[in-house]
Amino acid sequence: MRRSWGRTLLTGYAVIGFLYLFTPIFFIIAFSFNKPKGRFNLVWQEFTLDNWADPFANQELTDAMLYSLRIASFSTVVATILGSLIAIAVSRYRFKGGAVVDLLLVLPLTTPEIVLGASLATLFLDWGVDKGAITIWIAHVMFSVSFVALTVKARIRGFDWSLEDAAADLGASPMRAFWTVTFPLILPGIVAAALLSFAISLDDFIITFFTAGSRNTFPLQVFGGSRNGTPPQINVLATMVLLVTIGIIGLSALWTARRERSQAGSA
Amino acid sequence: MAEQDRSTRTRSWVPYSLLSPGLVWLVLFFGVPMLFLAKVSLSTRKNRFTGELGFDGNLDNYQTAFNQFGPQFARAFLYAGAATVICIVIGYPLAYFIARYGGSWRNRLVGLVVLPFFVSYLIRTLAWQNILADEGPFLSILKALHLVGQDFALLNTPWAVIGGLAYNFLPFMILPIYVSLEKIDLRLLDAASDLYASPSAAFREIVLPLSLPGVFAGTLLTFIPAAGDFVNAALLGSPKTTMIGTVVQDQFLVQLNFPVAAALAFILMTIITAAVLIYARFLGTEGLTV
C-alpha cells in the first residue's frame with residue numbers, strides 16, 4: 001500500500017515537472033499565431049495564420065537563420081570527422097598520453113563559454129583576424145570536436161574490435177576491414193553525435209557573440225531583437241526547428257528499429 | 001588477452017595519426033587562446049578607444065577585477081549555486097521516475113526531457129520574460145487568486161534570473177542522474193526488501209549512494225554554464241542582478257578594456273578548472289560525458 005502511494009506521488013511530481021519543461025514551448029507555439037500590435041510580440045491580441053503563411057517575411061531574421069544553418073553544416077562536417085577519429089583512436093588503441101588526451105577533450109566542455117569566447121577573441125585580436133563566418137566556424141568546430149569525440153567514445157564503448165581481426169584473418173586489408181565491418185556498426189553513434197553537434201552549433205550564443213563580425217547568426221539576431229522588436233516570425237521559425245527535430249528523432253527511431261530487426265533476422 | 005595481442009600488433013603511429021588533426025585544432029583554438037588570455041590579462045591598455053595593448057606583466061588588472069567586481073562574482077556563484085540546487089530538487093525525482101517506472105517508455109521520456117531544448121536558448125528565455133512579466137499570465141493568475149499583492153513582481157528580480165538559469169540548464173542535471181540511476185541493478189532492491197529493509201531505507205542505503213556520481217556530474221554541468229552566463233541576467237534581470245559574465249562581456253566588447261576582461265575571465269576559469277580537476281581526481285571524467 002505504502003509503496004503505491006509513493007509511486008502516485010512521484011508520478012504527479014513527474015507530470016508537473018514535464019509541464020514545467022514544456023511551459024515556455026507552449027507559449028512560444030501559441031504566440032506564433034498572435035497578431036501583435038507594434039514591434040514586440042508580447043501581449044496576446046488576436047489569432048492569425050499570417051505568420052505561418054509567410055514565415056520568411058522578416059528578411060533579417062531569415063538571413064540570420066540561413067547564416068546559422070550554413071555555419072552549423074560546415075562545423076558539423078569537420079567536427080564529426082575530427083571527433084570520430086579521436087574517439088576511434090582512444091577506444092581502440094592503447095598509447096602513451098591517454099590521460100592528457102582525455103583532459104584536453106573534457107576541458108573545453110567544462111570551461112565556461114564566456115571564457116572560451118573571450119580567449120578566442122583575444123587570439124583573433126592578436127593575430128589581426130577580421131571576425132566573421134570563418135572565426136565563428138573555428139570556434140564551433142573547437143567545442144564540437146570535444147563533444148563529438150566524447151559522445152562517439154561513449155557510444156562505441158564495449159565494441160568488439162576483434163571483429164576487425166576476424167576480417168583481417170579472412171584476408172581483408174585494414175582499410176577494407178574498417179569500412180565494411182567496423183564503420184557500419186559505429187555509424188549510429190557517429191550520426192547521433194553529428195546531429196547533436198549541429199543542434200548545439202545552431203543554438204550557440206555566448207561563444208558566437210565573441211567571435212562574430214557584423215553579420216548576425218540567428219541567436220544573435222534574436223538577442224538584438226529583444227531590444228528592438230520581436231517579430232512573430234521568431235516563434236514560427238523556432239516552432240519549425242522543433243518540428244524538424246521531432247521529425248529527425250522519429251526517423252532515426254524508425255531507422256534503428258529496422259536495423260535491429262534486420263540484424264536479428266540475419267543472426 | 002585479445003587486447004594485449006592487438007596492441008602489440010598495431011604500429012604505434014596509427015593512434016597518433018588519428019588523434020592529431022582533432023588535437024591540433026583543440027591545442028590551437030582552445031590551448032593557445034588561453035595563453036593569449038593570460039598574456040592580455042597581464043597587459044596595460046594604451047589607448048582606450050582602440051583598446052591597443054602593451055604587455056608589461058602588470059598585475060593591476062587582477063586587483064581591479066577583485067576590487068571592482070567582487071559583487072558580480074559573488075552573485076554569479078550565488079545564483080548558479082541556487083539554480084543548481086533547484087535543478088537537483090526538480091531533476092532528481094524526475095530522473096528517478098523515468099528510470100524506475102518508465103518501463104518501455106524510458107527512451108521516449110528522456111527524449112521528452114531534451115525536446116524543449118531544441119528550441120533556441122534565447123527564444124526560451126524570451127518566453128520566460130513574457131510569462132513572468134508584471135502583466136504576464138503567471139502573475140495575473142496569482143494576483144487574481146490574491147496569493148500575492150498587486151505590486152508583486154518577478155521580472156527584473158534575482159528570482160527570475162535564478163529561475164531562468166535553473167530552467168535552461170535542467171537537462172544537464174536530469175541526464176547524468178538518469179544514467180547513474182538506470183545502471184542500478186534492480187535485484188539489489190529485491191535483496192534489500194528480502195532482508196527486511198523498508199523502501200525508504202533501501203533508497204537511502206542503495207539508490208542514493210549509487211546515484212551520487214550522477215548528481216555530482218550534473219552539478220558540474222549545471223553550475224559551470226550557469227556561473228558564466230549573462231543571457232538570463234540580461235533578459236530576466238535588472239542592472240542590480242548583473243553577473244560576472246555580464247561584466248566580462250561588457251568590458252571586452254563594449255568598453256574594449258581587454259586586460260580587465262581577460263583577468264576576470266581568467267579568475268573565473270581558474271576557480272572552475274580547480275573544481276573540475278578535484279572532481280576528476282576523485283570521480284574520473286567518465287560521468288561528464290552523457
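How much area is buried between domain 1 of chain B and domain 2 of chain B, and what share of it do carbon and sulfur atoms give? In this predicted model, the area buried between the two domains is about 1,000 Å². Carbon and sulfur atoms give 65% of that area. On the side of domain 1 of chain B, B:Leu37, B:Ser41 and B:Arg45 supply 46% of the area buried against domain 2 of chain B, more than any other three residues.

The domain assignment of chain B places domain 1 at residues 13-58 and domain 2 at residues 61-288. Taken over C-alpha atoms, the centres of domain 1 of chain B and domain 2 of chain B are separated by 30 Å. Contact between them involves 15 residues of domain 1 of chain B and 12 residues of domain 2 of chain B.

Polar interactions across this interface were also examined. Four residue pairs are found in polar contact between domain 1 of chain B and domain 2 of chain B, with both residues of each pair at pLDDT 80 or more.

The side of domain 1 of chain B that touches domain 2 of chain B receives two or more residues from each of helix H2 (13-41) and strand E1 (43-45) of chain B. H2(B) gives the most to this side, with five residues. By residue class, the side of domain 1 of chain B that touches domain 2 of chain B comprises seven nonpolar, six polar and two charged residues.

Notes. Residues are numbered from 1 along each chain as its sequence is written. Chains are lettered from A and ligands numbered from 1 in the order in which they are written. This is a predicted model: local features need pLDDT of at least 70, side-chain atom pairs count only at pLDDT 80 or more; totals for chains, interfaces and linings use all residues. Side-chain values use heavy atoms; hydrogens and water are left out. Domain bounds come from an automatic or database domain assignment. Contact means heavy atoms within 4.5 Å. Buried area is the accessible area (1.4 Å probe) that two parts lose on being put together, summed over both. A polar contact is a pair of N or O atoms within 3.5 Å; within protein, one must be able to donate a hydrogen and the other to accept it, and residues adjacent in sequence count only if both atoms are side-chain atoms. Helices (H or I, at least four residues) and strands (E, at least two) are DSSP runs, numbered from the N terminus. Ala, Val, Leu, Ile, Met, Phe, Trp, Tyr, Cys and Pro count as nonpolar, Asp, Glu, Lys and Arg as charged, and the others, Gly among them, as polar.
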